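Colleague: I am new to this structure and would like to be taken through it. Could we begin with the terms and then turn to the details?

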Amino acid sequence: MHTGTTNPHLHEFTRVLLELRWGDMDAYGHVNNVTQLRLLEEARVRALGSPTHSTDAPTTPGQLGISGTVSGITIPAIFAEASNTTELLVASHTIEYRRPIPYRAGPIAIDLVISEVKPASVTIGYVIAEPDGSVAYTLAETVIVFVDRTNSRPRRLSQEETAAMSDVIRPAVPMRSRR
């Protein structure tokens with residue numbers, strides 16, 4: 001179980017806390033659907049590692065850096081490490097908007113799981129929720145494909161990458177489309 005936090009749809013997960021911005025709201029007074037996709041992207045990069053890590057600005061541990069915003073299951077560093085020779089491309093997104101997200105001061109929780117590892121892709125599940133787990137707003141999945149930069153074709157995960165990921169695979173997010 002994730003230490004000190006709950007999620008109504010997941011038991012073990014990686015949690016990323018992100019602050020909402022006033023500009024994230026739409027004319028209806030809640031967080032825009034496109035902004036929610038951007039929140040998923042930001043959470044994915046913080047939890048899995050930046051594909052541009054070699055040129056990113058350095059972070060200071062404990063001061064708005066990754067260490068202060070990511071907790072729970074530690075995802076192996078294969079995503080950031082692979083980015084030297086591999087493009088990590090989004091093959092698909094599936095999103096279910098369950099409830100509007102109202103603006104508030106304070107963070108929103110994006111909980112992630114690695115739910116499937118295939119020969120050339122990884123499926124990441126997400127739940128956007130209140131940090132106390134009282135409300136789940138959005139459920140989503142993203143399929144990431146590993147693409148070799150030299151030939152622009154999908155590449156197989158190495159045995160080491162697959163083995164590292166096998167320890168963190170968790171049940172998929174319960175999307176309605178799976179019922």
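Modeller: Helices (H or I, at least four residues) and strands (E, at least two) are DSSP runs, numbered from the N terminus. E96, for example, lies in strand β3. The model is a predicted one, in which local features need pLDDT of at least 70 and side-chain atom pairs count only at pLDDT 80 or more, while totals for chains, interfaces and linings use all residues. Residues are numbered from 1 along each chain as its sequence is written, and side-chain values use heavy atoms, with hydrogens and water left out.

Colleague: How many helices and strands does the chain have, and in what order do the elements run?

Modeller: There are four helices and seven strands. Starting at the N terminus, the order is β-α-α-β-α-β-β-β-β-β-α.

Colleague: Back to E96: is it buried or exposed?

Modeller: E96 has 12% relative accessibility and counts as buried. Buried means under 20% relative accessible area, exposed over 50%, and partly exposed in between (1.4 Å probe, protein chains only). Of the 179 residues of the chain, 42% count as buried.

Colleague: Which polar contact does the side chain of E96 make with another side chain?

Modeller: The partner is the side chain of R98, at 2.9 Å. A polar contact is a pair of N or O atoms within 3.5 Å; within protein, one must be able to donate a hydrogen and the other to accept it, and residues adjacent in sequence count only if both atoms are side-chain atoms. A polar atom of the E96 side chain also lies 3.2 Å from the backbone nitrogen of S177. Leaving aside neighbours within four places in sequence, E96 is in contact (heavy atoms within 4.5 Å) with Y137, T138, L139, M175, R176 and S177.

Colleague: And T14, where does it lie?

Modeller: T14 is in strand β1 and is buried, with a relative accessible area of 1%. A polar atom of its side chain lies 2.5 Å from the backbone oxygen of I73. The C-alpha atoms of T14 and S71 are separated by 5.8 Å, although these residues are 57 apart along the chain.

Colleague: A change of topic: how many aromatic pairs does the structure hold?

Modeller: It holds two. Rings of Phe, Tyr and Trp (its six-membered ring) pair if their centres lie within 6.5 Å; planes under 30 degrees apart count as stacked, over 60 as edge-to-face and the rest as tilted. W22 and Y103 form an edge-to-face pair, 5.4 Å centre to centre with 85° between the planes. W22 is in the loop between β1 and α1, and Y103 is in the loop between β3 and β4, 81 residues apart. W22 is exposed, at 61% relative accessible area, while Y103 is partly exposed at 33%.

Colleague: Why does the pair of F79 and F146 count as tilted?

Modeller: The ring centres of F79 and F146 are 5.7 Å apart and their planes are at 45°, so the pair is tilted. F79 lies in helix α3 and F146 in strand β6, so the pair ties together parts 67 residues apart in sequence. Both F79 and F146 are buried.

Colleague: Finally, how do the residues of the lining of the second largest pocket divide?

Modeller: Three are nonpolar, one is polar and seven are charged. Ala, Val, Leu, Ile, Met, Phe, Trp, Tyr, Cys and Pro count as nonpolar, Asp, Glu, Lys and Arg as charged, and the others, Gly among them, as polar. On a 1 Å grid over the protein atoms alone, a pocket is an open set of points where a 1.4 Å probe fits, with protein on both sides within 12 Å along at least five of seven lines; lining residues have an atom within 4 Å of a point. Helix α1 gives the most to this lining, with seven residues.
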